[in-house]
Number of protein chains: 2
Amino acid sequence: MSRQAIAILGAGAMGSALVTPLVDGGHDVRLWGTWLDDAIVAALRRGDVHPGTKAPVPPSGRVFASTELQQAMDGADIVLMAVTSEGLDPVFRRAASHLRAGQTVVTVAKGFFAEPDGQMVLLPTLLESLLPESLKATPIVAVGGPSKAVEVGLRAPTAVSYACRSLAEAQRIADLFATKFYFIEPSDDIVGLEICAALKNVYAIGLGICEGFRQGRGVPHNNTKSALFQVAVEEMALICEKAGGRASSSLGLPGVGDLEVTGEAGRNRVLGELIGGGLTADAAVLQMRERGQTVEGYPAAALGWQYCRQLGLTAAELPLFGALNAILYESADAFEHILEALSRRYPKH
Amino acid sequence: MSRQAIAILGAGAMGSALVTPLVDGGHDVRLWGTWLDDAIVAALRRGDVHPGTKAPVPPSGRVFASTELQQAMDGADIVLMAVTSEGLDPVFRRAASHLRAGQTVVTVAKGFFAEPDGQMVLLPTLLESLLPESLKATPIVAVGGPSKAVEVGLRAPTAVSYACRSLAEAQRIADLFATKFYFIEPSDDIVGLEICAALKNVYAIGLGICEGFRQGRGVPHNNTKSALFQVAVEEMALICEKAGGRASSSLGLPGVGDLEVTGEAGRNRVLGELIGGGLTADAAVLQMRERGQTVEGYPAAALGWQYCRQLGLTAAELPLFGALNAILYESADAFEHILEALSRRYPKH
């Protein structure tokens, strides 16, 4: 039972980082690079550090190129999807034809997916829809929580949540994947976990905006940032519940924990800082694009907002999310809209 | 009803900062400096900025010297205790003889107080015990939440919680004190609020330790920090419930919100960074003392631990608090003890 064959699909930062705990756990690890990862595969095969994260990847994991998907998945017990939300659909379509009964799919992708009919769904729902008819019972486990890839790869202690509709399956995978430095809390709230995983990037932009006020308004706004942190956790809890998940995911590692690490650093925060510093959202996004930096939280704000509207939620229930959408997509003044969100959340009686 | 006479006792950073929202609210504000605040009182009377925070204090509040306590409190509707936890007992003893019926006491002091019999109590309990017999019904309102004094004084949007056994009284004071930039959530959970207010300083040392690991272990530990953040919120919630308060205070502004701002900067974090960077706790505390810097969370760890033991809680239920105590008071290795706390919190099944 202990040693598993695990195919990691996607050799980006997180896919490559997860080689470390899985090799530490004694598993047979195969890292497959997509057609966008050719340079990474070549570097790792040469024994170089990962070109993206500059971190070493344990050589005992085997590395497969994009043309070798079947070989990478051959005999795998677990297939770990480690691609971006945009890559999930095309990569899983290819992988699906190599799946077989008895496997489990684990996914670290975060975000929303727009179905052809315009319906917004969470990524595990997308995966389920792409499973072959005969394999619809394949368990899907989603990963959330504070987990910077490079730190996972360097064995900095990390605690994450693994969620599956079947708690027993979440527990089984958690016990297989956990190491001395990689802690896993199993959960059956895959809906809540996914919502937090996608939306914490949006709220982290809000935290970054408050950091930007230091320059843009000449005064530090740590109090404002912490108030927004708190409102973000509440709003994610409400969205979780409305979607049939649980508020506890927002209060746990996927919400509070992941928002903490995401608000500390990263591109979502940088985008927010530029806006808080005085740029319009359009100008800030453009500036980052020119540097080659995409910001996960920016499209997630629009998709997530549409998802919330599907659930019947509006800016009346989600004043901060509403403000962030207005700031990001309607050129609304960041300070005035954040102030208004706080006054809606904490009204005088 | 609207314009109140408010005596702020203590002209330190927070007492002086609160002059701004209270003057903005149109109140008759009197700021009284203790016998330790003579230089501050002199500076403010000259129209200078506050010597501690370098922030301006609105001149429309009157400033009273330590010999003028009676004048400052004369006709006051509300007495606002803005001294440190150590100063609360001596200052409130003097103030108590000037109290009269119909007043409300608001307190921003945070911490625990050791009764002569060794019993550890929360600060509102201390205040109640010092009230004159005829004034035992005086409502006591405690303030918690993310609130850096200098930012309150500079009108950076701030959201805090005001808690009183009587929710109606908390609401009344909240409506009197709230402004366009100073938001207040009323609460009846004064026990939970006080526990979070005192203990967030302790847990912030833990977050600082993780920051220090960047230097001490050569790798950033943001994942570890966020995991500890999450465990801290859970442990504070448990302590709140065990003490007869509510977990929701830990999940709200007094817990999540205040821990966020306290972990970002300040002396608790600095102490942690020194320890995470490789100093023993004794050496780190000594180094800070030599710079004239006292760290609230350091004594609060010992007092708070005693308080938890009174409640029947041990390191089995509070693995992180237990680890922090061992690190701070038993020269325990920071990394090993934090790793052990995480392994207790997230065991393999």
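User: Leaving aside its neighbours within four places in sequence, which residues is B:Ser161 in contact with?

Analyst: Please note at the outset that this is a predicted model. Setting aside neighbours within four places in sequence, B:Ser161 is in contact with B:Ala142, B:Val143, B:Gly144, B:Glu185, B:Ser187, B:Leu193, B:Leu253 and B:Pro254. The residue itself belongs to strand S9 of chain B, which covers residues 158-163.

User: Is B:Ser161 buried or exposed?

Analyst: The test is relative accessible area, and buried means under 20%. B:Ser161 has a relative accessibility of 4%, so this serine counts as buried.

User: Which backbone atom does the side chain of B:Ser161 reach?

Analyst: The side chain of B:Ser161 reaches the backbone oxygen of B:Glu185, at 3.3 Å. B:Glu185 also has a partner in the other chain: its side chain forms a salt bridge with that of A:Arg345, with 2.8 Å from N to O.

User: How many salt bridges are there between chain A and chain B?

Analyst: There are four salt bridges between the two chains. Polar contacts are counted separately: 24 residue pairs, both residues at pLDDT 80 or more, are in polar contact between chain A and chain B.

User: Which elements of chain A supply residues to the side that touches chain B?

Analyst: Several elements each supply at least two residues, among them helix H8 (167-177), strand S10 (182-187) and helix H17 (334-345) of chain A. H10(A) gives the most to this side, with eight residues. By class, the side of chain A that touches chain B has 22 nonpolar, 14 polar and 11 charged residues.

User: What area is buried between chain A and chain B, and how many residues does each chain bring to the contact?

Analyst: About 4400 Å² is buried between the chains, and carbon and sulfur atoms give 59% of that area. The contact takes 47 residues from chain A and 46 residues from chain B.

User: Turning to the cysteines, how many disulfides does the whole structure have?

Analyst: A search over all chains finds zero disulfides. The general idea is to compare the distance between two sulfur atoms with the cut-off of 2.5 Å. For A:Cys308, the closest cysteine sulfur is in A:Cys240, 9.9 Å away, which is too far for a bond. B:Cys210 is likewise in no disulfide, with the nearest cysteine sulfur, that of B:Cys196, 20 Å away.

User: Are A:Cys308 and B:Cys210 buried or exposed?

Analyst: A:Cys308 is buried, with a relative accessible area of 0%. B:Cys210 is buried as well, at 1%.

Definitions and conventions:
Residues numbered from 1 in each chain as written. Chains lettered and ligands numbered in written order. Predicted model: local features only at pLDDT ≥ 70, side-chain atom pairs only at ≥ 80, totals over all residues. Heavy atoms only, no water. Buried < 20%, exposed > 50% of the residue type's maximum accessible area, 1.4 Å probe, protein only. Helix = DSSP H or I, 4+ residues; strand = E, 2+ residues; numbered from the N terminus. Polar contact = N/O pair within 3.5 Å; in protein donor to acceptor, adjacent residues only side chain to side chain. Contact = heavy atoms within 4.5 Å. Buried area = accessible area lost by both parts, 1.4 Å probe. Nonpolar A, V, L, I, M, F, W, Y, C, P; charged D, E, K, R; others polar.
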